[in-house]
Amino acid sequence: MNRILATSFAALMSVAAVSGVAQAQDKPQLSLVVNAASDFWKLAEAGIAKAQAELPDYQMELRYPAQGTAAAQNALMDDLVAAGADAIMISSVDPKTSTDAFNRIAAQIPLFTTDSDAPQSNRIAYLGSSNTDAGVQAGEVAIKALPSGGKCMGFVGYLNADNARERIEGFRKAVEGSKVELVDVRGDDVDFAKARSNVDDVLAANPDITCMVGFYSYNSPKIYQALEAAGKLGQITVVAFDEDQVTLGAVKDGSFVSTIVQQPFEWGYQGMKLMAAYVGGDKAKAEAMIPEDKLIIVPTKVINKENVDSFVEDLKAKIASAG
């Protein structure tokens, strides 16, 4: 009898599981494909969770590629389309080499970009920061922090990614004609060990560098680690990007001048709602949300010692709201 009951229970559970999968597959599938594994994207996940709670008739997810490469991203998008994805938003690792792949996806389902745009592709719209404006903000911070001037070294993941290139260009634009100079930018291809060794190498070989800029979220914590190990925290001016906990702590204690933060929570939240409107039968509403230039800009902010505490509290509240 116990065997019969166990067999019947297993059969019922199997039917329920199949039914649950079928119900999930009936929901439109919306995916955000990011550029690499990083704590930076946890806020985007929180934004997606909030959108999911508001729109339970959709299935929403954030997906990490197996590697932080364009090839891995493109393969992941192909897999998502084959599995029935209805729309994808992606942070492009290398838009210049991915245009054909993006166009292939865009010919099958609605494709959007975030964080790093691919403007030459057939993506419908970009939703994210103006990376040029963020770079300008960073340059203005450096000028204010270095009234007598200084030589800066930048650090970034992908030198060819649009978000990196635009931040660097914005920084150079801001410091042009000032006594602050961006001497060079070292790329690391999102290899965290290399990101750290790049800073160590600069400290050893370039004693004239008085300023460092971490253009990606993980670069600034690596700068912090290297400066701390070298006993140079507070001796070199650091301008950071994004809201890593190490970075925010360094801003709070004065080791970093400031950090330029984006709003990945809003990318996840607004991005999912935009895609849901686009695929959910209200395409006119979705198109009305997209400006003529196809750029939906979520402003960046300068966080310094004066406003870092209130910023952290706001972050906690946003994550809690996704709850």
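**Exercise 1. Gly 149**

Which residues does Gly 149 contact, leaving aside its neighbours within four places in sequence?

Solution. Step 1: apply the contact criterion, which is heavy atoms within 4.5 Å. Gly 149 then has contacts with Lys 179 and Val 180, its neighbours within four places in sequence being left aside. Gly 149 belongs to the loop between helix 5 (131-145) and strand 6. Helices (H or I, at least four residues) and strands (E, at least two) are DSSP runs, numbered from the N terminus. Step 4: assign the burial class. Buried means under 20% relative accessible area, exposed over 50%, and partly exposed in between (1.4 Å probe, protein chains only). At a relative accessible area of 18%, Gly 149 is buried.

The structure is a predicted model, in which local features need pLDDT of at least 70 and side-chain atom pairs count only at pLDDT 80 or more, while totals for chains, interfaces and linings use all residues. Residues are numbered from 1 along each chain as its sequence is written, and side-chain values use heavy atoms, with hydrogens and water left out.

**Exercise 2. The chain as a whole**

Describe the secondary structure, dimensions and surface of the chain.

Solution. Step 1: count the elements. The chain has twelve helices and twelve strands. Step 2: compare the radius of gyration with the globule rule. The radius is taken over C-alpha atoms, and the rule is 2.2 Å times the number of residues to the power 0.38. For 323 residues a compact globule would be near 20 Å, and the 22 Å of the chain agrees with this. The C-alpha atoms fill a box of roughly 80 × 50 × 35 Å along the principal axes. Step 3: look at contacts and burial. Of the contacts between residues at least 6 apart in sequence, 73% join residues at least 24 apart. Buried residues account for 50% of the 323. Step 4: take the surface.

**Exercise 3. The disulfide**

Which cysteines form a disulfide, and how far apart are their sulfur atoms?

Solution. Step 2: name the pair. The sulfur atoms of Cys 152 and Cys 211 are 2.4 Å apart. Step 3: locate the two ends. Cys 152 is in strand 6 (residues 150-156) and Cys 211 in strand 8 (residues 211-214), so the bond ties together parts 59 residues apart in sequence. Step 4: assign the hand. The S-S torsion is about 95°, so the disulfide is right-handed. Step 5: check burial. Cys 152 is buried at a relative accessible area of 0%, and Cys 211 is buried at 0%.

**Exercise 4. Positive phi at two aspartates**

What is phi at Asp 115 and at Asp 242?

Solution. Step 1: recall the background. Most residues other than glycine have a negative phi. Step 2: read the two angles. Asp 115 has a positive phi of about 65°, and Asp 242 has a positive phi near 75°. Asp 115 sits in the loop between strand 4 (111-113) and strand 5 (126-128). Asp 242 sits in the loop between strand 9 (237-241) and helix 9 (245-253). Step 4: check burial. Asp 115 is buried at 3% relative accessibility, and Asp 242 is buried at 2%.

**Exercise 5. Two loop residues**

Is Ser 91 buried or exposed, and which loop holds Tyr 158?

Solution. Step 1: Ser 91 is buried, with 0% relative accessibility. Its loop runs between strand 3 (87-90) and helix 4 (95-106). Step 2: not counting residues up to four places away in sequence, Ser 91 touches several residues, including Asn 35, Trp 41 and Asp 115. Step 3: Tyr 158 lies in the loop between strand 6 and helix 6 (162-175). Tyr 158 is buried at a relative accessible area of 8%. Step 4: neighbours within four places aside, the contacts of Tyr 158 include Asn 35, Asp 189 and Tyr 216.

Terms used. Disulfide = S-S within 2.5 Å.
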